[in-house]
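Please open the model in your viewer and keep the selection tool at hand.

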Amino acid sequence: MGLPIREYLLAGLTAAVITFLLTGLVRVLALKLGAVAWPRGRDVHVTPTPRWGGLAMLAGVLGGIGLAAQLPALRLAFDYSYDVPGVVLGAVLLVAVGVLDDRYELDAVTKLAGQITAAGVLVLFGVQWAVFWVPWGGDGAETSGSLLILGQEQGVLLTVLLTVALVNAMNFVDGLDGLAAGIGLIAAAATCVFAIGLVKQNGNDPSAYSPALIAAVLAGACLGFLPHNFNPARIFMGDSGSMLIGVLLAAATTSASGRISISTTTDGTDILALFAPLIVLAAVVFVPLLDLLMAVVRRTWAGMSPFSPDKMHLHHRLLEIGHSHRRAVLLIYLWAGVLAFGAVALALIDDPFIVLWAVGVGLVVAVLASAVPRARIR
């Protein structure tokens with residue numbers, strides 16, 4: 001049996017169609033029940049805009065997973081692990097918290113408690129870090145590097161920290177029309193491609209199907225929501241949507257980490273390839289995590305709470321130097337795409353030097369495109 005790529009595409013397409021069709025209904029519901037984002041001093045939008053787009057995205061994710069459970073190959077993913085049911089339960093819980101926050105503005109502690117609880121659900125269903133490769137150790141003759149085995153407490157702590165970090169990173173980056181949905185689409189698509197490569201690497205073992213399925217339905221949900229959310233947005237995903245993207249990305253990357261097979265060669269290019277799984281996990285979420293880290297450092301340095309809002313995010317800075325709303329969003333897409341798919345290519349293509357050259361060219365283009373308005377002003 002070959003790789004179930006068509007089934008992954010079908011599940012993702014189903015998620016996209018359901019999300020696209022339901023978003024209009026959710027918009028009407030949000031307007032009637034008062035889940036509306038009123039313009040504030042730190043916001044970019046100037047007209048009241050309904051939230052709760054995350055509800056439509058969740059429906060798309062559930063629809064895609066429900067279809068996958070009926071397909072000949074992907075239904076095997078439900079027989080070999082509890083990853084998908086655990087992810088569904090954690091996602092539903094976190095979206096519920098986000099829906100309440102979008103309507104009633106929950107405090108930061110309550111939201112953090114919800115995020116930790118959702119991460120705990122993932123752990124209870126077996127979605128947690130247990131082992132990863134490090135480039136030291138080994139005997140130097142037959143193996144390169146070694147496997148670092150995490151204890152139960154260490155694995156749980158790392159999983160919770162990663163999940164909470166990604167959830168908040170996606171929440172922080174959701175500041176321009178279409179930004180979070182686009183970055184979620186790029187990150188999920190890159191993770192899906194990488195996870196399908198792991199399926200092939202594992203001999204098409206059904207136990208490795210879950211990460212790619214989670215990423216595929218997330219990519220579909222983001223794709224289906226984007227036409228409603230791109231500038232000018234008719235609806236926002238709200239915290240319900242941004243936290244959904246964060247928890248699903250965390251679940252997909254954490255689940256994929258347990259399916260990585262370690263090469264047993266000392267060839268230089270293979271040693272570089274061994275870094276690829278870790279590079280992929282970092283690159284697909286580099287932009288939102290960088291934005292989160294900069295915000296925490298900036299606010300803490302100023303004696304403020306890390307959760308205090310401001311207008312100093314990456315997208316705000318792009319607007320300040322002269323980029324239009326859409327151009328700023330597209331530039332961040334470019335940065336995220338170059339890093340994420342460059343890392344995936346590094347993992348899947350035999351010649352890493354070609355990939356590194358291509359990524360270098362892409363980064364140069366991204367830097368020049370980002371600097372154009374500032375150069376024009378000067």
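With the whole chain displayed, consider the contacts (heavy atoms within 4.5 Å) in the protein with a separation of 6 or more: residues 24 or more positions apart account for 77% of them. This is a predicted model, in which local features need pLDDT of at least 70 and side-chain atom pairs count only at pLDDT 80 or more, while totals for chains, interfaces and linings use all residues. Residues are numbered from 1 along each chain as its sequence is written, and side-chain values use heavy atoms, with hydrogens and water left out.

Next, colour by secondary structure: the protein has 15 helices and four strands, taken as DSSP runs numbered from the N terminus (helices are H or I, at least four residues; strands are E, at least two). Of its 378 residues, 51% count as buried, that is, under 20% relative accessible area, with exposed meaning over 50% and partly exposed in between (1.4 Å probe, protein chains only).

Now select N171 and D239, which the "binding site" annotation of an unreviewed UniProt entry covers; UniProt positions are given in the numbering used here, feature names are shortened, and such annotations may be inferred rather than shown by experiment. Although the two are spread over 69 residues of sequence, they cluster in space, the largest C-alpha distance being 6.4 Å. N171 is found in helix 6 (residues 152-173) and counts as buried because its relative accessibility is 16%. D239 lies in helix 9 (residues 238-257) and, at 11% relative accessibility, also counts as buried. Leaving aside residues up to four places away in sequence, N171 touches K111, D239 and S242, whereas D239 touches G98, D101, D102, K111, N171 and L244.

For the next stop, select Y8, M57, L213, I245, L248 and L249, which touch the most other members of the largest nonpolar core, a set of 79 residues. Such a core consists of buried Ala, Val, Leu, Ile, Met, Phe, Trp, Tyr and Cys residues joined through side-chain atoms within 4.5 Å. Helix 7 (residues 179-201) gives the most to this core, with 14 residues.

Finally, show helix 1 (residues 5-33) with helix 2 (residues 53-68), whose axes come within 7 Å and cross at roughly 150°; axes are lines fitted to C-alpha atoms, for helices over the stretch in contact, and angles run from 0 to 180 degrees between N-to-C directions. Among the residues making this contact are L10 and A11 of helix 1 and G53 and L55 of helix 2.
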